[in-house]
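Please consider the following structure.

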Amino acid sequence: MTSSTLIAMLSLIFLPIALILASTPYLTRKTESFGVSIPESIYGENQLQNMRRRYAQCMVILSIILIGGFTGGVLMLSLQEETIGIFFAVAIILFIIGAFFVYLKFHRDMKELKKNANWARERAQKIVVRTDFHSERITYSNMWYAVPVLMVLLTALLTAIFYERLPAMLPLQVNFAGEVTHAVEKSYRAAFFMPIMQSYLILLFLFINVVIAKAKQQLQADDPEKSFQQVRAFRKTWSLFLLLSTILLTTMFSFIQWTYFYPVDYTIVLVVTLSVTAVILIGALWLAFKTGQGGSRVHTEHSAQTDHIDRDNDRYWKLGQIYVNPNDPSLFLEKRFGVGWTVNFARPVAWLLLAGVVITAIGIPILLTM
């Protein structure tokens with residue numbers, strides 16, 4: 001594969017990341033702006049619209065600079081494919097760091113604007129809680145994950161039965177040209193690499209589904225019923241997306257595992273892998289724009305607005321993104337800037353969960369390929 005083709009493919013991978021970061025201010029709740037709580041009624045004011053527009057423009061410029069630097073560096077240095085991959089990973093990391101500093105600038109501007117405008121003056125602040133919130137079915141049942149689990153069990157069983165038919169060397173890494181770049185000698189540990197990774201992904205996605213179901217309810221004070229309908233649609237939709245993504249990824253890994261017994265052109269394996277990845281990325285982008293954070297972009301018929309606003313809890317959001325509240329028993333809650341969920345970092349359990357996810361994700365591939 002030529003350097004130009006590889007650059008084009010990696011740039012396509014970069015686009016969804018750039019798009020989601022540039023669009024983030026338009027996807028968050030209308031009661032939050034750059035990590036700062038605001039009344040929904042002022043979300044559409046010209047000053048805030050201009051801030052969102054300028055942020056998006058900054059992100060587009062940053063994206064062009066990073067992609068241009070990556071392309072120019074690869075072409076001038078005539079890098080090999082593996083080195084290009086490392087170079088690309090560095091460019092992504094630099095982009096995310098740069099994006100965070102751009103966000104910090106707008107976050108500080110937003111805090112100053114809120115302080116000067118004093119939007120909460122003479123408006124009652126309150127928290128709305130539904131006692132029946134978690135009694136309603138707002139996610140798909142965890143029992144549905146029995147489908148990918150059965151696929152993994154079948155893959156593992158067939159691997160054990162036909163173990164002797166495996167080739168002497170098992171491929172673990174394929175480059176963009178469909179060539180094997182890393183292979184290991186046949187062993188039970190290597191043979192069950194895919195089923196073990198499948199099991200980890202299922203447990204991870206199942207955990208996220210539990211997070212969606214158990215996350216702290218966040219209903220808007222000015223229209224609680226409309227907000228509840230949006231939150232319910234938001235969580236239900238993302239729960240379904242997680243389930244379908246799990247089944248799709250499990251199927252992909254089972255296909256790769258089966259190619260050990262019935263070898264195919266590795267270009268086909270590459271195409272299947274990239275196609276599944278693309279479907280999941282495009283699906284996530286589409287859902288993010290369709291639902292917004294907390295269902296803020298979900299249309300509902302109900303509307304009975306009051307003059308109340310949400311209670312200001314900015315002091316618990318460090319830099320507008322990291323929630324630290326020792327007085328809040330909630331462990332999971334929505335992100336304030338972006339689409340998804342985060343944790344209450346004042347809870348020690350949150351640190352243990354995050355450490356467990358990261359260590360397992362890093363440790364499994366290392367242990368299985370040593």
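Visitor: On what basis are the values given?
Guide: Residues are numbered from 1 along each chain as its sequence is written. This is a predicted model, in which local features need pLDDT of at least 70.

Visitor: What is the volume of the largest pocket?
Guide: A pocket is an open set of points on a 1 Å grid over the protein atoms alone, where a 1.4 Å probe fits, with protein on both sides within 12 Å along at least five of seven lines. A volume is the space filled by probe spheres set on the points, which are joined across faces, edges and corners. For the largest pocket this volume is about 1,600 Å³.

Visitor: Is Phe-34 buried or exposed?
Guide: Most residues other than glycine have a negative phi. Phi of Phe-34, however, is positive, near 50°. Buried means under 20% relative accessible area, exposed over 50% and partly exposed in between (1.4 Å probe, protein chains only). Because its relative accessible area is 2%, Phe-34 is buried.

Visitor: Which class of accessibility does Leu-319 count as?
Guide: Leu-319 has a positive phi of about 60° although it is not a glycine. Because its relative accessibility is 41%, Leu-319 counts as partly exposed.

Terms used:
Predicted model: local features only at pLDDT ≥ 70, side-chain atom pairs only at ≥ 80, totals over all residues. Heavy atoms only, no water. 1 Å grid on protein atoms, 1.4 Å probe; cavity = no way out; pocket = protein on both sides within 12 Å on 5 of 7 lines; lining within 4 Å.
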